[in-house]
Amino acid sequence: MSSVGAFLTRTQGRGRLSWVDWLTYAYLAFGFLLIFIPVCWLLLNSIKTQFQLEKQDLSLLPSEFKQVARATVYAEDARSTFIIDGLPAWVMGWKSLSADERATHDVEGFLATVDGDAFYAVRSMLGQVPIQSRALIQSLGLPDWLARYPALSSSAKASYDIESVLAPLEPEQRRLLSEFLGHKPFQANKLVSQVSVSAIDPNTGERVDFAVPRYDASKQTLPGRRVDNSVPGVMKLDVATM
């Protein structure tokens, strides 16, 4: 063992380190860090939450943020964007759940507790639009091509008359199928996770809760929407007040 230690600690200089020794050790240390730092980063990311990874959180250690949802819902006359607070964690993380995990949740029961535009956003988030649309097509005896329509090419879609099928339906039935078919003005509604932070409202000076895409302390300002939806639109928030 002493011979191995003597070999590893040999230096060019006799009795002291020469400039060649210093250069060699610096090169070895650089090579070590070049390999060690990425490995540490991967290990730290492996213990972060899915929400942190989705938001590209650059903090070294896992941290918990209160999540809220930003919903975008399309209607016949306009598009609305708003914040939904208080959704269960399984709804927010629905896309990352396995089939077995999804089966443990009562999706239809939960949707029955949601109303207004939030219902349409959550319905899309939970993947119920195609499921309910196919069930509606079958129950009403609508043309079979409706179920295949979203996967057709643009030229193939042009040969079908959607309006003649949708016109006799009730408003909610027409909306459901329009979302499924991507028939304008309806589109797929969206729901994404955001971070809830407490900050000073630049318009009123009061401290309230805002939803921001992700918290980044290195920024001077962040775009945010009021969680209570009392003021529409996006505001520039001073990070120093958070």
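Let me start with the pair formed by helix α8, residues 128–140, and helix α12, residues 171–181, which in this predicted model pack at an angle of about 125° with their axes 9 Å apart. The two helices, α8 and α12, are therefore oblique to each other, and α8 passes α12 in a left-handed crossing. On the α8 side the contact is made by Val 129, Pro 130, Gln 132, Ser 133, Arg 134, Leu 136, Ile 137 and Leu 140, and these meet Gln 173, Leu 176, Leu 177, Glu 179 and Phe 180 in α12. Sorted by class, this contact of α8 with α12 comprises eight nonpolar, three polar and two charged residues.

Now to the sheet, which is open and has six strands in the order β2-β1-β3-β4-β5-β6, with antiparallel pairing. The edges are taken by β2, residues 79–84, and β6, residues 235–238, each with a single partner strand, so one side of each is left without a neighbour in the sheet. On average, and ignoring direction, neighbouring strands of this sheet are turned by 45° against each other. For β6 the antiparallel partner is β5, residues 221–226, joined to it by four bridges, and Pro 223 has Lys 236 in β6 as its bridge partner.

Helix α7 packs on this sheet, touching β1, β2 and β3, and its direction makes about 80° with that of β2. Seven of the ten residues of α7, which spans 116–125, are buried, so this helix is largely enclosed by the rest of the structure; the buried residues include Phe 119, Tyr 120 and, among the charged side chains, Arg 123. Just after α7, Gly 127 takes a positive phi of about 70°.

Key: Residues are numbered from 1 along each chain as its sequence is written. Side-chain values use heavy atoms; hydrogens and water are left out. Axes are lines fitted to C-alpha atoms, for helices over the stretch in contact, and angles run from 0 to 180 degrees between N-to-C directions. Angles under 35 degrees count as roughly parallel, over 145 as roughly antiparallel, 65 to 115 as roughly perpendicular and the rest as oblique. A crossing is left-handed if the near helix is turned anticlockwise from the far one by less than a right angle, and right-handed if clockwise. Contact means heavy atoms within 4.5 Å. Buried means under 20% relative accessible area, exposed over 50%, partly exposed in between (1.4 Å probe, protein chains only). Two strands pair if DSSP finds at least two bridges between them.
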